[in-house]
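The sequence and structure come first, and the description follows.

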Amino acid sequence: MSAAILLILAVGSQVLRFQSEAGIGFRHEPGVETKALLHVGAGAFTTFGASIGANIALSAGDNPGIAGYGLGGEILLLPPVRLRLRAGVNHNQWSSWRAGENSVSMMTLAAPLRRLDLGVGAAWRVPVLDPAGYRSPLRWQGPASEWNLLYRLQWAFIARPAHGLAAWIANDDRQNPATAQQFPFGLGGYLQVRPQWWLKVGIGSNIKGLSGATFSLGEVNARVGVSCGK
Amino acid sequence: MSCKWDVGQFVFRPSIADRMADNRSGELAVPTAPEVNPDSFRFALFGDPQIEEDLDSRLDWFRQEVAGRRIDFFGVLGDLTADALPAERDAVLAGLAAPGVPYYCTPGNHELYQADGWEWYKTTFGPSCYAIRVAGRVKLIFLDTADGLLGQAQFEWLESELAADSGMVTIVATHYPIYDGALPIMWRLAGPAERYKLLSLLERYRVHSYVAGHIHGWRYSRLGNLNHFICALPPGGMDYGEPGYLLFTWAHDSLAWEQVGFTP
């Protein structure tokens, strides 16, 4: 038995690597909420391209407490164009409003060019609006439930092991999911600061009023954090 | 084909913060409540008459409905005209006045498509958000979602209005819907957090109905305890459903609703 465990661990150490990350963020949606965020996440990656991860976010300011948590996974289907299938389950909540949202999402992503990442998918979003039940992470039907198209268009200006910078138009952030009307965009980068340690930064915004051609900046999001792992 | 809109207004226009500052300035005449029989009265709500030169308005049909069904007053939930041009403005004012009963408006995105859009709106109709109390029975709160968001000042104002007059049946009327079915279409308030904040307020203060236009459709949804309506009376085709108006009837100490479909 112990030999079998040792064998599994030995093989596992060859095919698995682990990564964890933590960071702080800021979200300001004019007229809606302003809060600071603490993000923590961990993931396991295999050498053949499958991964699984979990994350949680806590907020301070408006809607203090748990902001959201989720589980996600990804599998590499076609290495030459990095065709991947990604799926996730997430729960977000807004404590002061006694409101929450459960969502399940699936996306297909590919990199037809080395610097270009494209993705498309869908999410099923279930608001939890009754004051007694907003904590429930297991509710998948309810009033105001809806499908949400997901997309990602990302271009890496710099993509090196030690540092990178990319711009994106995407609404697939599980912790801050956007509707098709919001048109989120932003910049993100990373810098290796020590062996196996990376500093990560990101800033983004989105636009409201697309359907009425009366455009307004919808929100500002900023995030800085570190990740470490093999 | 030339664009009739001042496209600069798509970005550079009075924001909701600017409009709220005007609303709170005390310089705009707030619409007064209609005089009705407190035991029995009727009112209608609809959005998007969108008067334009090349299409026949359905306001003439609505004028006959007001007379035939003895509607005491009505509200129009934005997009009064298609292009906010002077001739269209004159035509919609004539069309709204024709039934001869009080009417109330809230702006839509089309009201903002000309450089003088907000100036015309506020000098013609008064503030873009306000509340009227009808015979101590029904409170109608008109919100300004003309550019697809509520803004800090309006959220604060809305909560103060919802907290007051708790004995009345409350209806919120505005241009943008909160929800529009399970398919991912754009014609509703954009941000999930903004929608959940608004729904939370409406739920907490037990609002009876939320009525909107923007998309040219008819849809009824029950969101928790809230009746959520999309109801449009545009001159042309509909995105879904049939054109018409929402008729509310107060009788026997309760409020009932029905959709009245357009009949040519």
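Buried area here is the accessible area (1.4 Å probe) that two parts lose on being put together, summed over both. On that definition, chain B and chain A bury about 2,900 Å² between them, with 61% of it on carbon and sulfur atoms. The model is predicted: local features need pLDDT of at least 70, and side-chain atom pairs count only at pLDDT 80 or more, while totals for chains, interfaces and linings use all residues. Residues are numbered from 1 along each chain as its sequence is written, chains are lettered from A and ligands numbered from 1 in the order in which they are written, and side-chain values use heavy atoms, with hydrogens and water left out.

**The interface**

In terms of contact (heavy atoms within 4.5 Å), 38 residues of chain B meet 35 residues of chain A. A salt bridge is taken as a side-chain nitrogen of Lys or Arg within 4 Å of a carboxyl oxygen of Asp or Glu. Between chain B and chain A there are 3 salt bridges. One of them joins the side chains of Lys208(A) and Glu194(B), at 2.8 Å from N to O.

A polar contact is a pair of N or O atoms within 3.5 Å; within protein, one must be able to donate a hydrogen and the other to accept it, and residues adjacent in sequence count only if both atoms are side-chain atoms. By this rule, 20 residue pairs are in polar contact across the interface of chain B and chain A, both residues being at pLDDT 80 or more. On the side of chain B that touches chain A, α5 (152-163), α6 (192-204) and β8 (218-223) of chain B each supply at least two residues. The most comes from α6(B), with 10 residues. Helices (H or I, at least four residues) and strands (E, at least two) are DSSP runs, numbered from the N terminus.

The residues on this side of chain B comprise 20 nonpolar, 9 polar and 9 charged. In that division Ala, Val, Leu, Ile, Met, Phe, Trp, Tyr, Cys and Pro count as nonpolar, Asp, Glu, Lys and Arg as charged, and the others, Gly among them, as polar.

On chain A, α6(B) lies across β1 (16-29), β2 (33-46), β5 (83-94), β6 (99-113), β7 (116-128), β8 (146-159) and β11, and it runs at about 170° to β6(A). Axes are lines fitted to C-alpha atoms, for helices over the stretch in contact, and angles run from 0 to 180 degrees between N-to-C directions.

**The barrel of chain A**

Two strands pair if DSSP finds at least two bridges between them. In chain A, 12 strands close into a barrel in the order β1-β2-β3-β4-β5-β6-β7-β8-β9-β10-β11-β12, with antiparallel pairing. From one strand to the next the twist averages 20°.

| Strand pair | Bridges | Direction |
|---|---|---|
| β1(A) and β2(A) | 14 bridges | antiparallel |
| β11(A) and β12(A) | 12 bridges | antiparallel |
| β1(A) and β12(A) | 10 bridges | antiparallel |
| β10(B) and β11(B) | 8 bridges | antiparallel |
| β1(B) and β2(B) | 4 bridges | parallel |

Val220(A) in β12(A) stands opposite Ser205(A) and also opposite His28(A). Gly25(A) has Leu37(A) in β2(A) as its bridge partner. The hairpin of β1(A) and β2(A) has 3 residues between the strands, and Gly31(A) there takes a positive phi near 80°.

Over all chains, the whole structure holds 30 salt bridges. Among them, Lys200(A) and Glu21(A) meet through their side chains at 3.6 Å, N to O. This pair links distant parts of the chain, 179 residues apart, with Lys200(A) in strand β11 and Glu21(A) in strand β1 of chain A.

**The open sheet of chain B**

In chain B, 5 strands form an open sheet in the order β3-β2-β1-β10-β11, with mixed pairing. Its edge strands, β3 (103-106) and β11 of chain B, each pair on one side only. Neighbouring strands are turned by 20° against each other on average, direction ignored. Helix α3 (residues 86-97) of chain B packs on the sheet and touches β2 and β3 of chain B, its direction making about 140° with that of β3(B).

Ala44(B) stands opposite Phe74(B) in β2(B), and Tyr245(B) stands opposite Val260(B) in β11(B). The hairpin of β10(B) and β11(B) has 2 residues between the strands, and His252(B) takes a positive phi near 55°.
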